[in-house]
Amino acid sequence: MASGPSTSTVNTESTARAFIARHRTLLSLEREAEIERTSLLLTNCAPRLLEQRGLALGGLGVVSAGVGLGGKILVELERPVAHHSSSLPPPHTFRPGDLARIEENISSGPQKKTGGKGKKAQDTDSDSKSSRAVEGVVYKVTDARIVIAVDPPDSTDVDLDLPERCRVVKLANSVTYDRMDKALDHLEKIAIPSTRKPGDKTNYELSPLIRVLLAMSPPSKPSDLGDITFFDESLNTSQKQAVRFALEAVEVACIHGPPGTGKTHTLIEIIRQLTSTLHDTAAQKPARVLVCGASNLSVDNILERLLALPPPEKGKGIPLKITRIGHPARVLAREGVLEATLEVKAGRSDQAALAKDVKAELDAALSTLAGKGKGKGAKKPRGLERKKLWEDVRALRKEYRQRDSGVVKAVLSESQIVLATCHTAGGRQLRDHVFDVAIIDEATQALEAVCWVPIFKAKKLILAGDPMQLPPTILSLDKHEKKSKQAKSPESTAKAVPQGNKAPKLNSGDEKRTVPANEDDKENPLTSSTEAGSDSESESVRGDTVIAEDTTVPATDSGEKLSELPKQKPAKRSRLRPPRTLETTLFDRLERIYGPRIKRLLNVQYRMHAQICQFPSKTLYASKLKSHDSVASHLLRDLPNTTSFVETKDEETTKEILGTPVVFFDTAGCEYYERLEGDGDEGSRCNENEATVVKGWTEKLVEAGLLPSQIAIITPYQAQVTLLTSLLRPEYGAELEIGTVDGMQGREKDAVIISLVRSNDKREVGFLKEKRRLNGKSAYDMHVRMSGLMSSVAMTRAKRHLCIVGDSSTVQHGGAYLKKWLAWLEVNADVRFAGA
Ligand SMILES: Nc1ncnc2c1ncn2[C@@H]1O[C@H](COP(=O)(O)OP(=O)(O)OP(=O)(O)O)[C@@H](O)[C@H]1O
């Protein structure tokens, strides 16, 4: 009798099938949302509308266009003052790494598609022959300028042909989605063998790591590494525990690093331990490590720190061979960092010189074919001569490709540590490379599908992140979510959030998660067939409850051995469940499946004054987040640049301005009402009186000796950012950071001022109608941003001083979390009457 697949295999396969199908659906919605946002460019959309939505910057002039970055041309653009009242562009969404097109500025009317030289944009409009367009990658964005890195024109003798007045428009980037789709296809073939094509010879290994990630097997018992000699002895106990945990885990380890707790510090030690040549014994070999991050910034942050490590002492190991993969425009332009890029390293090798020669020959042949060969009056060759030249071109192209990929292979094969963003790890350069360990930093900001790209290349996975900070930005979320939330008032959302000490799941994501699945969900075959009501969102693992269970072991400074840890209760549920939204990250999911045993919490923070840390620690980290002695009592008055103020002013004045960690300017009763900027759904809020209070406090801080670069102003509304920028930039310049919370994640400042904006006689805060003006954030998202995200990200940026300006009587109606925060402020902050 032929034996068919067992019932458990069928069950496992059907679970995997539902999981992958759900991911595919969500990703295709997300891709659609992204295209919808940028497809405005491909429709007859007025440039003004694109600019309003932050997707285009018009009226720019080319300042310079020089070669840099591994042969790319850096085109620097700015707003000429002759044509504009201010050289500062309006708020926009351009960030380094974005795909963008430089095109001729057409002052009004529908957008025209343009052809162009260099890397040509698609020319779909025959009327636009006169206009030129070039595509590239945003390299740098400053207050007044934007720099785009573009490929040089194909032909060596043609300069970039750029219009005099330009517009830069943002383009949809489909590569990331393609790679995620590919990763899901690959996963499907691994998990469900019947989906493989007949004759497919690819090795689809269902490795122990993948089994654990798909909840097919529990994680193996950790190995016992015995005593560990730490490279960095200054690591604190929780960091050492996390290092040991990551090294001893067989398949997967998660490191939970709240703000300023040395997540990167810890990762560096892990990388050093993994790659140490001191471990080159029969039992333990130096590992080959792929280090990825959700963003280029996180990757470069690690790269910079690795490059700054001292070389090993003589006879104690060999220097690490490190290579960074990525478009040079996306790599941090700092000394050393660019040197470690594949492009620069490959360009330096001997083989590269040969490849260059071939490229020169190829370019010359192409020029001749185009009738631009050397010598006066060169003509296009014809007949046999032309045929022969084309044959040469084909042969040269082949040779160039071979030589070029040979160069890349040579550099990468000798690299022990390779760094890339998750999706770049899916590029052709790493096609046949395998690694012992993949590390993903900022894993709580990465979509799960993109994490699978590096996972397939490794045997073991280490994730680092903080599930209490901003989740990945999801554009498609609001479409589905809005429907379910519109029926709900902020108050009803607040009710859904448990109060008190019991199980206050109050965090950046929780407010979304507290909303139960609605009728839409029930009707949705995807969610209903997969128990929409019991998926990872409604069973959120974030918040105090889970962190309270975190495995923080009474420790010695050497860090505990995992094998000695008390046995933990197995997690109640260990099933692979299709996610309801893409906001459920791999980190979240693993925590839900395996419980706290899958992670270690770093519990000492090195950033905030203890009082600034108190509220987030209590509400987001179950009071486990402690302040290191070196920062627990640090104040602005301890900064060297405030010394002369301290020495010349009386104690009361010094304390008022420089000696108070948390100040709350409460505008309740002042009638400092907000204003809706723009019309209807397109509008954003601002509050002029609040902006005046912010300005006044900034002035006081600067008068007391603070540098503008030591201050950040954060507010949830783009209109308030614009207003504050116009009030403060002329005086303090770009050094003073003013922005929404998104740009501040992972950053810190000595003083942070938060302007809450909302103030109205209806006491209304939630479900704001700020449409996708800046980050594709929806009405619902703005509500969340006012509450959980504001706290977990905005307030944890401050090192020595946090100042909040807002109307307590309005803002406390913005949900349970804000209410709790304002109550905490009333008791713990120095509350000052804003109207005074
Ligand atoms: N063991 C330690 N001893 C002293 N200082 C430390 C230690 N660990 C981290 N720090 C300091 O804490 C700060 C934050 O460290 P790091 O940048 O590694 O943290 P992070 O968790 O990655 O930060 P973020 O909150 O930005 O994600 C740095 O100034 C670092 O020098």
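Cys670 is buried, with a relative accessible area of 16%. Keep in mind that this is a predicted model.

**Cysteines**

- Which cysteine sulfur is closest to the sulfur of Cys670? That would be the one in Cys803, but at 14 Å it is too far for a bond.
- Cys422 is buried too, with a relative accessibility of 1%.
- For Cys422, the closest cysteine sulfur belongs to Cys451, and the gap is 4.8 Å. A disulfide needs the two sulfur atoms within 2.5 Å, so the Cys422 and Cys451 sulfurs are too far apart for a bond.
- Overall, the disulfide count comes to zero.

**Who surrounds the ligand**

- The ligand has 15 residues around it, and Gln239, Gly260, Lys263, Thr264 and Arg305 are the closest of them.
- Helix 6, which runs over residues 263-275, is the top contributor to the shell, giving three residues.

- Arg607 puts a side-chain N or O atom 3.1 Å from an oxygen atom of the ligand.
- Tyr606 has a polar side-chain atom sitting 3.2 Å from a ligand nitrogen.
- How much of the ligand does the protein cover? On its own the ligand has 630 Å² of accessible area, and the protein covers 74% of that.

**Ser617**

- You'll find Ser617 in helix 19, which spans residues 610-620.
- Is Ser617 buried or exposed? Its relative accessibility is 4%, so Ser617 counts as buried, the cut-off for that being under 20%.
- Going from Ser617 to His423 takes you 194 residues along the sequence, and the two C-alpha atoms are 33 Å apart in space.

How values were computed:
Residues numbered from 1 in each chain as written. Predicted model: local features only at pLDDT ≥ 70, side-chain atom pairs only at ≥ 80, totals over all residues. Heavy atoms only, no water. Near = heavy atom within 4 Å. Polar contact = N/O pair within 3.5 Å; in protein donor to acceptor, adjacent residues only side chain to side chain. Areas by Shrake-Rupley, 256 points an atom, 1.4 Å probe, with all protein chains shown as cover. Helix = DSSP H or I, 4+ residues; strand = E, 2+ residues; numbered from the N terminus. Buried < 20%, exposed > 50% of the residue type's maximum accessible area, 1.4 Å probe, protein only.
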